[in-house]
Amino acid sequence: MNLSFSLLADQFLLNFSYLWLIVIATTIGIIIGAMPGFGSANTIIMLLPFTLAVDVDVAMIFMVSLFVASHMGGGITSILLNIPGNGGSAATCLDGYPMAKKGLGQQALVLSFVASTVGGMVTALMSIFLLPYIARLAYYMHSVEMVVILLFGITLIASVASDNMLKGLIAGFLGLLIGAIGADHIYSTPRGTFGFIELYDGVPLIAVLIGVFAISEALIMMEQSSVLSETGMQMMKQSGWKETWEGVVMSFQRTWHMIWTGIIGLIIGIVPGAGASIAAFVAYQQSRLYSKTPEKYGTGIPEGVIAPESANNGCASGDLIPLLVIGVPGGTTAAVMLIVMTYHGVQLGPRLFIQNPGLGYGVFITMLVAYAVMLFTTLPLTRWVSKLVMIPTPVLAPIIIAFTLVGAFAPRAYMFDLWLTLLFGAIGYVCRKTGFNVVALLIGVILGPMLEANVMRALRISGNDPWVFFSSPVGNILWAALAISLAIPSIVQWRRNRATRIAAA
Amino acid sequence: MTITFDRRQILVGAGALAALGPSLALPRAQAADGFPTKNMQVLIPTGEGGGVDQAARAFNRIWAKYLGANFEYSYFPGASGQVGYEVFVSKREPDAYNILFGNIGPEMIMYATQKVKYKYPEDFTYIGSMDVDDSVIWVAGNSKFKTIGDLVEEGKKREITLSTSRLPHPSTIGALALAEATGMKVRMIPYGGGGPARSAAITGEVDGCATFLSSSLGLGDQARFLTVFNETNRTPELTNNAPPVNQALGTKIPPLSGQRAIAIHTKAVEAYPDRVKKLSDTFQQVFADPEYKTVAEKAGTPWEFIQYGDAASCQESAKEFVELAERFRPLLTASKG
């Protein structure tokens, strides 16, 4: 692959000459990323006439900037309102929202933006210099390996349910059941759809996200006058530039954390069909696993914001690698980008880096520039954006319900989805009131169908031989890592108990 | 051009119009004169960015010039296209402004093998097709299989795995028919989309991929085409001269090509014959426009594949695929009966 510093320098210059476009695209991306129901793929589809009318370099700069910005924007509402803009930012709610409730929303936003930037930039840089090797990872990630990776994410159900294991596991199981609704992955036979055609493609994730998070959160908000505690309100009133700086310092004190969770996102993003949701949940699970204070996860700690945000932005680089290197899109947005590039006559796959290396590597240069632009434009805004939580809930809650219902309707234009969203809103409300963990439910809904698809596919390839799950060296390494990750918390707990007993004796 | 709709349907439509009386007929006629007065709504029964989406956008770009209307798109993937067709039939107005852009082969196999809530041709009618895309089997560029003969020989010793976007697909039937004719063993692995199916073959999760030719042409050296399910290979230079299956193995497998086509509600054919005529006439005009060649090739469809088909040929093709699907039903569905 023809990589040279002059080529990279040229691409940097090209991107800087379109800085205005990057600013526009990233602004659009952040806004749509923060709005549940609106995604980068839909937006690029809507703006397709523009991308087809301009040069392919310009189209790519626009699309890539919008794409990465949507990953960054998703965290904003997760942190401030407990409403994920997309599946990739759902895990950010776990610690982001508790931080906001404590009056640390500004710091949490800064953590999210810096982690997104560092995760995105590190993985973009890795992609530039290690592309041939990183691309090879796709050759080792098949259905069997995906099953184990998804199990990493699903074990998070047990972690988030640790307050009340039984209720947490019931919520997770309910999520898995909901995720199993829809046509089966081999024969397309509908299951659990009750005859509703709207459910044949599975329960729409947006309806679940908006229902169990936004609607139920808005209902809870209505029961109190403010999102913030008394202390939190005082802190927010007094917050200024100092808090932004604190957030930056907190972020860079965890630089290594941002890097390795970003790399998790990159690796998961490379697998076609995997995505930011898995990346964020797996990174959160791994971050918690190797923490010295795992019990603090979920209470509002910086690492709990950094891990999912860095990972879902790392995933953005990973998503584009199969598209560029083997000509196969890794996700929906990449598929739409494929339309544009094919229209412009760009030959994707290995030939891209021989025939048009500037375009191939330019994608990652655009990412670097877009992240830098976003960091400079978003960091100053955190001071004001974070004040959103100071709006009295009697005003905020109806606005949330109205906006998110529009988001629930927008992707498929079904009235059915509105009713479904309200149903999930009611389920979410009951879950919160009765102590069933809605995040556990969501993990089941998001990861369950992917796990099922990969299990069924692996079994079909092997002729229904269950030993297929232990037939690949990479898969077996992942199994060992999964076993270790499940055992470590018990070992740590045993050692702590032992130390306490010895100390008491 | 020849548009051959079911004569009974036309008569029923004409009778219904006559029964409604001249007072209703006048506004309808006026509306038809100005057709189209608003944007056309295109429903695509697969996801954004797929082969049909790309082909539809390329085609409609030119069609808009002749039809005098722009196109708005919506996507309803799921259950091998069943979701899109059911939404189209039950939730879209039968006013000829709503059209479905699909692929006759896979979607008629789906119709024949899944429990659907609509009927063909009572509920929708294909009014024209725009290309003929042959089914193929290919393996990864570094695969040990050099010819289709190698794959068949290996398939006699062990079960060959082939990825496919979905089981109800002409290429799946092609592979199953090949297995039946040669005695090889084959297992089709559906990946729920062309992209993941191609990726699985390139990365070696499966032995090869059974799919439509045009979607795999962009893979370059990563794919080695072994055979084409048609009487001739129309793009030998793009497919490492892969032989037609019958020529290579002496089999008698029928051509298994997909035809991307537009469909409208049969009720619209009955109620708005003049609108349908305008749609059909302008649809055909696109093929003579030199600009279409440019945009079609940009969208990844070789010009050799572009081929106009009228309503009659679409109906014939649909009927053939239903018959083929019936023949291979036990292998394409969960029911073994």
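**A residue in its setting**

Tutor: Ala402(A) is partly exposed, with a relative accessible area of 45% (buried means under 20%, exposed over 50%, and partly exposed in between, with a 1.4 Å probe and protein chains only). This is a predicted model, in which local features need pLDDT of at least 70, side-chain atom pairs count only at pLDDT 80 or more, and totals for chains, interfaces and linings use all residues. Residues are numbered from 1 along each chain as its sequence is written, chains are lettered from A and ligands numbered from 1 in the order in which they are written, and side-chain values use heavy atoms, with hydrogens and water left out.

Ala402(A) belongs to helix H20 of chain A, residues 393-409 (helices are DSSP runs of H or I with at least four residues, strands are runs of E with at least two, and both are numbered from the N terminus). Ile215(A) is 187 residues away along the chain, yet its C-alpha atom is separated from that of Ala402(A) by 9.5 Å.

Along the principal axes, the C-alpha trace of chain A spans about 70 × 60 × 60 Å. Of the 505 residues in chain A, 60% are buried. Among its contacts (heavy atoms within 4.5 Å) between residues at least 6 apart in sequence, 80% join residues at least 24 apart.

Chain B has 14 helices and 12 strands, and 60% of its 337 residues are buried.

The interior can be described through nonpolar cores, that is, sets of buried Ala, Val, Leu, Ile, Met, Phe, Trp, Tyr and Cys residues joined through side-chain atoms within 4.5 Å. The largest has 161 residues, and those with the most contacts inside it are Leu320(A), Trp63(B), Leu279(B) and Tyr292(B). Helix H5 of chain A (residues 56-81) supplies the largest share of this core, 17 residues. Apart from it lies another core, of 119 residues, including Ala91(A) and Val139(B).
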